[in-house]
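Subject: Structure handover

Hello,

Please find the structure below, for your files. My notes on what was found in it follow.

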Amino acid sequence: MRIDCFIPYLSDETTGKVVATLREQPETNNIYLLVKEETANATFESCKTLKIDNIESSNTLRTIADATHSEYMLLYTKSTELHLGQKALHRLLSVGNDCSAGIVYADHYLQKEGKTEASPLIDYQLGSVRDDFNFGSLLVINTAAVREALDNRTEFRFAGLYDLRLQISRKHPIVHINEFLYTDIENDNRTSGEKQFDYVDPRNREVQLEKENICTEHLKKIGAYLAPKFKNISFNEHDFKYEASVIIPVKNRNKTIGDAISSVLKQETDFRFNLIIIDNHSTDGTSETIDEWARKDDKIIHLIPKRSDLGIGGCWNEGIHHPLCGKFAIQLDSDDVYKDANTITSVVKAFYEQRCAMVIGSYMITDFQMRMIPPGLIDHKEWTPENGRNNALRINGLGAPRAFYTPLLREIGLPNTSYGEDYAIGLAISRHYQIGRIYDVLYMCRRWEGNSDAALDIPKVNKNNLYKDKIRTIEIMARQKMNAKN
């Protein structure tokens with residue numbers, strides 16, 4: 001079996017090395033250089049040139065599909081050097097053929113800052129609908145599946161590749177080979193904590209709107225789309241001694257817990273509120289610090305769970321089931337602080353004005369000295385009343401601070417994990433209820449050397465992404481079931 005290969009043209013030197021690597025593979029048929037201008041010259045006599053606008057546009061993908069004559073096509077999405085492993089193309093093609101795959105992708109190595117590191121990927125599943133799913137830079141795609149998907153003539157300037165793989169996923173398997181089949185160069189040296197907010201960059205707004213439309217259409221096609229019809233909610237069905245409770249799960253954050261507590265006690269309200277701190281068996285002096293604050297102010301409830309197997313979600317469950325938990329439970333992480341004395345009032349006001357079961361605010365990312373650091377403001381304006389709960393399946397987070405109507409939160413419960421528990425509960429609530437939004441900054445999210453998500457290694461990023469994709473899979477299946485009943 002032979003394959004046509006499509007690679008971006010960067011320079012004679014770099015692209016020449018990629019061409020040479022591909023020519024070493026006996027499966028290579030035609031090699032096409034993808035150029036944004038007519039810059040490729042006679043250096044590559046054995047290659048053909050295709051003029052494109054953007055490697056991820058529908059127009060580019062249609063140009064590629066029209067040019068290929070093989071059953072599968074290879075698309076290399078980077079403009080850097082590529083080194084193929086032993087019999088790499090043979091393996092990719094044979095697995096694709098054996099599995100009747102629409103797309104095949106594989107683990108690989110990355111050369112980063114002069115060092116080579118393994119870059120394993122994760123399996124694709126029903127819930128892998130986020131637009132930043134990592135396939136690596138080398139895709140082997142079924143040509144017939146591409147032509148079928150592109151036959152709808154919809155044009156996307158920036159997100160054609162995202163649209164293509166969602167369309168292919170509806171009819172063909174997307175197969176991950178857990179083998180290291182190639183090596184490429186990583187030029188994006190930002191940390192995982194910096195990369196995770198690319199989708200909220202206002203400069204990417206036009207791209208995001210395309211991707212939202214694509215994801216929404218995909219959810220409609222698979223029976224998981226939810227129209228903007230919500231259950232009504234009443235806040236008068238239960239009696240609460242306190243109108244609101246701030247919930248802080250904490251373990252070994254003696255350096256920061258005092259600032260978090262102080263920011264809560266500074267809140268100015270015309271209703272009663274308290275602070276419930278779930279101290280998950282700290283051993284670094286955090287427990288003693290909480291006790292010192294609690295002796296000074298009776299608003300503070302210091303809980304130490306009997307269980308020793310709790311994550312952040314499990315600690316939240318302990319807090320919201322406390323008999324003195326307020327009508328609204330408002331999140332604050334032990335690393336962070338509220339922006340000013342009006343945060344709690346703003347959140348509670350939003351519940352009543354927007355008649356919602358959950359409220360999500362906006363936050364600023366800062367260093368430990370409270371100085372803004374990139375990307376700065378995180379306001380999640382992609383969440384709209386009309387389509388937010390569908391678009392939430394495409395993105396990787398919902399924002400902060402998060403607040404909940406306590407009776408409903410008690411009914412649903414949070415998964416007992418320390419990552420993604422907030423995302424899971426937000427999706428579950430949005431299945432039936434409206435989620436309110438506050439676009440003013442309420443919260444200062446501090447990045448420091450102890451932050452859990454500032455700079456993660458590849459296995460940790462994969463573990464987190466796999467779990468959130470599983471949350472999406474569960475949610476999509478639940479929505480499909482709900483729609484089927486209706």
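Asn 465 lies in helix α15, which spans residues 458–485. Helices here are DSSP runs of H or I with at least four residues, strands are runs of E with at least two, and both are numbered from the N terminus. With a relative accessibility of 14%, Asn 465 counts as buried; buried means under 20% relative accessible area, exposed over 50%, and partly exposed in between, using a 1.4 Å probe and protein chains only. Apart from neighbours within four places in sequence, Asn 465 is in contact with Ile 122, Arg 130 and Asn 396, where contact means heavy atoms within 4.5 Å.

Before going further, some notes on the model. This is a predicted model, in which local features need pLDDT of at least 70 and side-chain atom pairs count only at pLDDT 80 or more, while totals for chains, interfaces and linings use all residues. Residues are numbered from 1 along each chain as its sequence is written, and side-chain values use heavy atoms, with hydrogens and water left out. The mean pLDDT of the protein chain is 92, and 94% of its residues reach 70 or more; pLDDT is the predictor's confidence in each residue, from 0 to 100. Over residues 190–197 the pLDDT is below 50, and this stretch has 20 contacts in the model beyond near neighbours in sequence.

Helices

The buried residues of α10 are Gly 313, Gly 314, Cys 315, Trp 316, Asn 317, Gly 319 and Ile 320.

Thr 216 is found in helix α7, residues 205–221. Thr 216 is buried, at a relative accessible area of 11%. Not counting residues up to four places away in sequence, Thr 216 touches Tyr 225 and Asn 387.

Cavities

Asn 387 comes up again here, as one of the residues that line the largest cavity. The structure holds 3 cavities of 30 Å³ or more. A cavity is a set of points, on a 1 Å grid over the protein atoms alone, where a 1.4 Å probe fits but cannot get out; lining residues have an atom within 4 Å of a point. The largest cavity has a volume of about 40 Å³, a volume being the space filled by probe spheres set on the points, with grid points joined across faces, edges and corners.

Which residues line the largest cavity? They are Phe 230, Trp 383, Thr 384, Pro 385, Glu 386, Asn 387, Gly 388, Arg 389, Ser 430, Tyr 433, Gln 434 and Ile 435. By class, this lining has 5 nonpolar, 5 polar and 2 charged residues. Ala, Val, Leu, Ile, Met, Phe, Trp, Tyr, Cys and Pro count as nonpolar, Asp, Glu, Lys and Arg as charged, and the others, Gly among them, as polar.

Cysteines

The structure holds 0 disulfides, a disulfide being a pair of cysteine sulfur atoms within 2.5 Å. Cys 356 is in no disulfide, and the nearest cysteine sulfur, that of Cys 325, is 17 Å away. Is Cys 356 buried or exposed? Cys 356 is buried, with a relative accessible area of 0%. Cys 99 is partly exposed, at 35%.

Backbone

A cis peptide bond joins Pro 374 and Pro 375, with omega about 5 degrees; Pro 375 sits in strand β16, residues 372–378. A cis peptide bond also joins Ala 400 and Pro 401, where omega is about -5 degrees. Pro 401 is in the loop between α12 (388–391) and β17 (402–405).

Lys 87 is not a glycine, although its phi is positive, at about 55 degrees. Lys 87 is in the loop between β5 (82–84) and α3 (88–99), and counts as exposed at 52% relative accessibility. Met 370, also a residue other than glycine, has a positive phi near 70 degrees. Met 370 is found in the loop between β15 (358–366) and β16, and is partly exposed, with a relative accessible area of 35%.

Regards

Note on methods. 1 Å grid on protein atoms, 1.4 Å probe; cavity = no way out; pocket = protein on both sides within 12 Å on 5 of 7 lines; lining within 4 Å.
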